[in-house]
Structure formats: C-alpha cells, structure tokens
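Hi everyone, thanks for making time. I'd like to walk you through one structure, starting with a single term and then going from the whole chain down to a few residues.

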Amino acid sequence: LDNYGMRALTNYPQRESELKKMQVATLILLGENELPAFKRCGELIRRSVPRCSRTYLPEVGHLCILEAPARVCTHIDAHLRLAGTVARAQPHTVLG
C-alpha cells in the first residue's frame, strides 16, 4: 500500500469521546491473524466502550465470520445471553 492507503488503515475514524457514550454491551471478534491496524482499532474500541469485550479467534484472519462461522456464532450467542438480549422464540405465524 502506498502512504495514503496505510494512513487510511491506521487513522481511527472513531472518536474515543463518542465511543465512551455507548451504553450497549459490545463484542469485538477479531481473527488472531488480523492486520495490526485493525487489531489496534479493536483495542481502541475495547478500551473506550464501557461494556465491551474483545476476543481473538485462533487461526483466523480478517474475515472471521466467513472463515469460522460456527465459532463466531458461538461467541455471539454467549455474548447475547450474557447481555440478556436473546429474544425468546415466538411461535411462527403463517398469514394466508
């Protein structure tokens, strides 16, 4: 990447002051083989958002949801259950 490309990857569009205002439980999933710039961005978010956790997925890169969908779903499910936001299944209604 040229200098502009790297600058675009390493400049954080998120403002720490704005991230600190978030009140929702937040989960960051990153592949352990993610680019360092994205790992730094994830760390900024983790440090700034009050109810944030970060997990590195082993042997996964940038597209963790495509590379390890079952593991990603397991982490998301656990996160939602811990946050108390898993909706109860409603009976399926067929309109006809």
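This is a predicted model: local features need pLDDT of at least 70, side-chain atom pairs count only at pLDDT 80 or more; totals for chains, interfaces and linings use all residues.

When I say contact today, I mean heavy atoms within 4.5 Å. With that in hand, take I76: leaving aside neighbours within four places in sequence, I76 is in contact with L27 and L29. Keep that residue in mind, as we'll come back to it.

Okay, the overall layout. The protein has 5 helices and 2 strands. Reading from the N terminus, the order is α-α-β-α-β-α-α. There are 96 residues in the protein, and 26% of them count as buried. The accessible surface comes to about 7200 Å², with 58% of that belonging to carbon and sulfur atoms. And if you take contacts between residues at least 6 apart in sequence, 69% of them join residues at least 24 apart.

Now the strands. How do β1 and β2 pair? They run in the parallel sense, over 6 bridges, with β2 covering residues 52-57. If you want one spot to look at, find G31, which stands opposite L57 in β2. β1 is mostly covered, too: 5 of its 6 residues are buried.

Let's zoom in on T26, which lies in β1, residues 26-31. Is T26 buried or exposed? Its relative accessible area is 15%, and the cut-off for buried is under 20%, so T26 counts as buried. And what is T26 in contact with, leaving aside neighbours within four places in sequence? That would be V49, R51, C52, S53 and H79.

As a bit of background, in soluble globular proteins nonpolar side chains tend to be buried together. Here the largest nonpolar core has 8 residues: L19, I28, L30, C41, L44, I45, V49 and C52. β1 and α3, which is residues 36-48, each supply at least two residues of this core. The largest share, 3 residues, comes from α3. There's also a second, separate core of 6 residues, and L29, C64, A68 and V72 are among them.

You'll have noticed some cysteines in there. C41, in the largest core, has 14% relative accessibility and so counts as buried. C64, from the second core, is buried as well, with a relative accessible area of 10%.

Last stop, α5. This helix has 15 residues and reaches 21 Å from its first C-alpha to its last, close to the 21 Å expected at 1.5 Å a residue.

I76 is partly exposed, with a relative accessible area of 36%. How far apart are I76 and L27 in sequence and in space? They are 49 residues apart in sequence, and 7.6 Å apart in space, C-alpha to C-alpha. L29, the other residue that I76 is in contact with, is a member of that second core.

Notes. Residues are numbered from 1 along each chain as its sequence is written. Side-chain values use heavy atoms; hydrogens and water are left out. Helices (H or I, at least four residues) and strands (E, at least two) are DSSP runs, numbered from the N terminus. Buried means under 20% relative accessible area, exposed over 50%, partly exposed in between (1.4 Å probe, protein chains only). A nonpolar core is a set of buried Ala, Val, Leu, Ile, Met, Phe, Trp, Tyr and Cys residues joined through side-chain atoms within 4.5 Å. Accessible areas come from the Shrake-Rupley method with a 1.4 Å probe; for residues, only the protein chains shown count as cover. The expected span of a helix is 1.5 Å times one less than its number of residues. Two strands pair if DSSP finds at least two bridges between them.
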